[in-house]
Amino acid sequence: MTAVDRTPVERPPGARRRTGRAKRAVTRTSLTAWLGRPLADFHLLLAIFGMLTVLGLIMVLSASAPDAAAGGESAYSVFKKQLLYVGVGAVIFLIVLRIPLRTIRHGSTMAMLVCVVLLVLVLTPLGTMDYGAQSWFKVGSVSFQPIEPAKLALALWGAHVLVTKRALLDQYRHMMVPVVPVAMLVFALVMLQPDLTGTITLGIVLISLLWFVGAPMRIFGVIAIGAVTGVLVLALGADYRLKRVESFLNPEADPQGDGLQALQALYALAEGGFLGKGLTNGSSKWRYLPNVHSDFIFAVIGEELGFIGCLLVLGLFGLLAVVGLRIAARNTDPWIRMVSATLTVWLVAQAAINIGYVVQLLPTTGITLPMISSGGTSIVTTMVVFGILANCARHEPEAVSALRKLGPGRVGGALKLPAPEAYKPPPKRRPSRPSTPPRGRKAAPPPVDERRMAGRHAPPSEYRRRESRKAGQDRDVRSRRRDGR
């Protein structure tokens, strides 16, 4: 028996390309099918939330340990405080995930009122001055910054007002009042602290609300002119803000002073390379880069995790943008659509500003990187935002139908989440009384019934002339008949 030659047969290059295209097509089809599942957005949002939380805790521990140890404290002091705030935020996240969205919407007015009162009280002796701004309430080692929940309250309450008045939004006064005046009041209270970063994020929330409600472009032009004017006035009115702008334009002019943070952040990113130095091996956190565990933590990520770590962070926030806008597009409740889109733009824009000034594309503003930078009020508020977004994802029509027919699923069963309620559009109201005529125009008089007015002192009309002629003809006919008899 002869041996069979088992040499492999080479495939032509065209067949290889066709095989590769077929595999990519299968992968694309599978991904599209998975994204079309009812709870795909909910599961994706939970995955993003978990990855950002874990990454944030790891990087806060790595970035804060050297500075805390050099200051004579425990190397884990900042990390323990951050872990405590993450635990509190996780509990509130689960609570928000269980609260009906209708309850959250109806409570937004009271939340907005409470936040305005807190912003007033923080300017009194009850508030604490820190980092040049009176923005905190402090009780022992616990601090609370009211501007963070005020952003969330403005998004929820503003969406509630605009959706309630959506039938009248073609008129400017209904579109602007009362959302814009209340927002201007909050802006004024925040600038009295003064807190420029809080004003910027509040402006992002307000612009997002007006954008998603369909405001005309001329309003955004006016807002842009006002924002540029306000930034110029604020930059020229305070020396430290003017120095920030000058250091952004030319950080090498003062490398040991105002340009220190910008230059050290760039050095850290450059030293990280493609793969980074390795976790905990960065040198910028050894007091070379101030505020490294809060404002400039993205530089530590670039130094220790390299370009891959930076790409991971950018990918997570990019995926958050896609998922958040998908939640808005797949919902039918107008309030959920506006809230989910506004909250998504707020988080992604805040991350973009933080990363932008770390890589020297924007002036330094002190805005934190959501879910990653250290900060108690910031991390708790961001986790509440994720809870509201996850709740909105469970209220998509396909998700509501699946959860009511097939049960809560593995994640919902483990968290013991109640079934969401289907959206019911509000009934159309009939006007209780006739609408009043617009000002400047006289109401048209009611039509005159000529038949009823024929026997009264009515003005002459064609109808009465016809009746009189007909009556005269009848009298002539009757007189001729009498004469003939």
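Is the crossing of H9 and H14 right-handed or left-handed? The crossing of these two helices is right-handed, and the views below, taken from a predicted model, show this pair along with other parts of the chain.

**View 1. The whole chain before the close-ups.**
The predicted model has a secondary structure of 19 helices and three strands. Of the 485 residues in the chain, 41% are buried. Among contacts with a separation of 6 or more, 70% are between residues 24 or more positions apart.

**View 2. Helix H9 against helix H14.**
Helix H9 covers residues 196-213, and helix H14 covers residues 334-358. The two axes come within 9 Å and cross at roughly 140 degrees. H9 is therefore oblique to H14, since an angle must be over 145 degrees to count as roughly antiparallel. On the H9 side, the contact is made by Ile200, Thr201, Ile204, Val205, Ser208, Leu209, Phe212 and Val213. On the H14 side, it is made by Met338, Ala341, Thr342, Val345, Trp346, Ala349, Gln350 and Ile353. Sorted by class, the contact of H9 with H14 holds twelve nonpolar residues, four polar ones and no charged ones.

**View 3. Helix H6 against helix H14.**
Helix H6 (residues 147-164) packs with H14 at an angle of about 150 degrees, and the axes are 9 Å apart. This angle makes H6 roughly antiparallel to H14, because the cut-off for that term is over 145 degrees. The crossing of H6 with H14 is right-handed. H6 contributes Glu148, Lys151, Leu152, Ala155, Leu156, Ala159, His160, Leu162 and Val163 to the contact. H14 contributes Pro334, Trp335, Met338, Val339, Thr342, Leu343, Trp346 and Gln350. By class, the residues of the contact of H6 with H14 are twelve nonpolar, three polar and two charged.

**View 4. The largest nonpolar core and Leu369.**
The largest nonpolar core has 103 residues. The residues with the most contacts inside this core are Trp335, Leu343, Leu369, Ile372, Phe386 and Ile388. Of these, Trp335 and Leu343 also belong to the H14 side of the contact with H6. Leu369 can be followed through its partners: leaving aside neighbours within four places in sequence, Leu369 is in contact with Ile297, Phe298, Val313, Phe317, Ala351, Asn354 and Ile355.

Leu361 is found in the loop between helix H14 and helix H15 (376-394). Met371 lies in the loop between H14 and H15 as well. Leu361 has a relative accessible area of 64%, so it is exposed. Met371 has a relative accessibility of 3%, so it counts as buried. Leu361 touches Phe248 and Gly356, when residues up to four places away in sequence are not counted. Phe248 is 113 residues from Leu361 in sequence, yet the C-alpha atoms of the two are 8.6 Å apart in space. The backbone of Met371 has a phi near 70 degrees, which is a positive value in a residue other than glycine.

**View 5. Gln82 in helix H3.**
Gln82 is found in helix H3 (residues 77-98). Its relative accessibility is 4%, so Gln82 counts as buried, the cut-off being under 20%. Apart from residues up to four places away in sequence, Gln82 touches Leu57, Val60, Ser373, Ser374, Gly375 and Ile379.

Helix H8 covers residues 179-191. A cis peptide bond joins Val177 and Pro178, with omega about 5 degrees. Pro178 is found in the loop between helix H7 (172-176) and H8. The peptide bond from Gln193 to Pro194 is also cis, with omega near -10 degrees. Pro194 is placed in the loop between H8 and H9.

Lys416 is in the loop between helix H17 (409-415) and helix H18 (450-453). Although Lys416 is not a glycine, its phi is positive, at about 55 degrees. Its relative accessibility is 62%, so Lys416 counts as exposed, the cut-off being over 50%.

Terms used:
Residues numbered from 1 in each chain as written. Predicted model: local features only at pLDDT ≥ 70, side-chain atom pairs only at ≥ 80, totals over all residues. Heavy atoms only, no water. Core = buried A, V, L, I, M, F, W, Y, C linked by side-chain atoms within 4.5 Å. Buried < 20%, exposed > 50% of the residue type's maximum accessible area, 1.4 Å probe, protein only. Contact = heavy atoms within 4.5 Å. Helix = DSSP H or I, 4+ residues; strand = E, 2+ residues; numbered from the N terminus. Axes fitted to C-alpha atoms, helices over the stretch in contact; angles between N-to-C directions. Parallel < 35°, antiparallel > 145°, perpendicular 65-115°, else oblique. Left-handed = near helix turned anticlockwise from the far one by under 90°. Nonpolar A, V, L, I, M, F, W, Y, C, P; charged D, E, K, R; others polar.
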